[in-house]
Amino acid sequence: MSNQSNVFGRAYEYICIETLNTEINKHRKSIIEDSSTYEIAKECWNIIDKETKETFEQSALTAVYSIFDLEPMITEKDDDCLVLKMQKDQEGKIGDVRDIIIIRNEEKWEIGLSIKHNHFAVKHSRLGPKLDFGERWYGIKCSNDYWNDIAPIFELINSKKEQGLKWSDLENKDKDVYIPLLNAFMNEIKRNADKHPDLPKKLVEYLLGEFDFYKVISIDNKKITQIQSYNLRGTLNKASKKEKPRIVNIGFKPESSNTIELYMDEGWQFSFRIHNASTYVENSLKFDIQIVGMPASIISIDCKWTGC
């Protein structure tokens, strides 16, 4: 993710939590919990241009009104003070993808929002020579077969790194790096899926987090804020059954050497695009993981900005 994308993303988080606080206070008392994450987001907001601020304000206000419709407990008249807080980035690495948490302490109730600006990725995980994705993603250590498969790939990468080469200098990057690495990744998932029936469920939980949440996506060029309700555990307003996904197929996307697609039953589909994410060769590669298909229980609402 570029520095500008990072600044815009944090600035959008800032205006979302500020708009939430402003609008909630029209109905009941709420406060924003101060934190280093909040202060960083505020600094990002302060450095973006006026036109972008106006765009983000429109998007955030549309999102807040939609969340109010979905979650009436936010604006319910009550004497307790509602607390808003921003999550640290570290939380996303341990299974919580929510960026903003809305809390009613006396009711022991909370919901979370995952805030995205102009992108739909659910994760940006990495593969590396010592990164045990199996243990981190679904609690099963990678096999010796996996480590043996990836060892020569990262030996090649290391040799190019020591030469100070750029990724663009590698003539056969797809053939020598992307394809064999993705094959090793897919083979490891297939091996473990055969032995562990709960792996697909754990994989979905890793990709989407351990808590139900609303994903708020600002799509600036369409003047739309999209709200997606991930209510797999039934803790949000809309009732849904608990899905128990099963892997149906995993393989390369047609005519692609750097993207694989994972198909599960219940409607789940994910794409994993691997890329270098840097100019110079480094000893890990990053996934851009996106949801291609979702079960019918995942509600998605496109909210047109007011006055547009």
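The questions and answers that follow concern a predicted model.

User: How are helix 1 and helix 3 oriented to each other?
Analyst: The axes of helix 1 (residues 3-24) and helix 3 (residues 50-70) come within 9 Å and cross at roughly 50°. Angles under 35 degrees count as roughly parallel, and 65 to 115 as roughly perpendicular. The crossing of helix 1 and helix 3 is right-handed. Helix 1 and helix 3 are therefore classed as oblique.

User: How are helix 1 and helix 2 oriented to each other?
Analyst: The axes of helix 1 and helix 2 (residues 36-47) come within 7 Å, and their crossing angle is roughly 105°. An angle from 65 to 115 degrees falls in one class. Helix 1 and helix 2 are therefore roughly perpendicular.

User: How many charged residues does the contact of helix 1 with helix 2 have?
Analyst: On the side of helix 1, the contact is made by Val7, Arg10, Ala11, Tyr14, Ile15, Ile17 and Glu18. These meet Tyr38, Ile40, Ala41, Lys42, Cys44, Trp45 and Ile47 in helix 2. By class, eleven residues are nonpolar and none is polar, and the number of charged residues is three.

User: Is helix 6 roughly parallel or roughly antiparallel to helix 7?
Analyst: Helix 6 (residues 144-162) packs on helix 7 (residues 173-195) at an angle of about 165°, with the axes 9 Å apart. An angle over 145 degrees decides the class, so helix 6 and helix 7 are roughly antiparallel.

User: What is the handedness of the crossing of helix 6 and helix 7?
Analyst: Residues in contact include Asp145, Asp149, Ile153 and Phe154 of helix 6, and Pro180, Phe185, Glu188 and Arg191 of helix 7. The contact has eleven nonpolar, no polar and five charged residues. As for its handedness, the crossing of helix 6 and helix 7 is left-handed.

User: How many of the ten residues of helix 8 are buried?
Analyst: Buried residues are those under 20% relative accessible area. In helix 8 these are Leu199, Pro200, Leu203, Val204, Tyr206, Leu207 and Leu208. Beyond its neighbours within four places in sequence, Leu208 is in contact with Val97, Val122, Phe213, Tyr230, Leu232, Trp268 and Ile291. Helix 8 is mostly covered, and the count of its buried residues is seven.

User: Which residue with a positive phi follows helix 8?
Analyst: The phi of this residue is near 95°. The residue that follows helix 8 is Gly209.

User: Is Lys223 buried or partly exposed?
Analyst: Lys223 lies in the loop between strand 7 (213-219) and strand 8 (224-230). Its phi is positive, about 55°, although Lys223 is not a glycine. The relative accessibility of Lys223 is 40%, so Lys223 counts as partly exposed.

User: Is Glu255 buried or exposed?
Analyst: Glu255 is placed in the loop between strand 9 and strand 10. Although not a glycine, Glu255 has a positive phi of about 60°. With a relative accessibility of 89%, Glu255 counts as exposed.

User: What distance separates the C-alpha atoms of Thr306 and Leu61?
Analyst: Thr306 is in the segment after strand 13 (299-304), and at 61% relative accessibility it counts as exposed. Leaving out residues up to four places away in sequence, Thr306 touches Gln58 and Thr62. Thr306 and Leu61 are 245 residues apart along the chain, and their C-alpha atoms are separated by 8.7 Å.

Conventions:
Residues are numbered from 1 along each chain as its sequence is written. This is a predicted model: local features need pLDDT of at least 70, side-chain atom pairs count only at pLDDT 80 or more; totals for chains, interfaces and linings use all residues. Side-chain values use heavy atoms; hydrogens and water are left out. Axes are lines fitted to C-alpha atoms, for helices over the stretch in contact, and angles run from 0 to 180 degrees between N-to-C directions. Helices (H or I, at least four residues) and strands (E, at least two) are DSSP runs, numbered from the N terminus. A crossing is left-handed if the near helix is turned anticlockwise from the far one by less than a right angle, and right-handed if clockwise. Buried means under 20% relative accessible area, exposed over 50%, partly exposed in between (1.4 Å probe, protein chains only). Contact means heavy atoms within 4.5 Å. Ala, Val, Leu, Ile, Met, Phe, Trp, Tyr, Cys and Pro count as nonpolar, Asp, Glu, Lys and Arg as charged, and the others, Gly among them, as polar.
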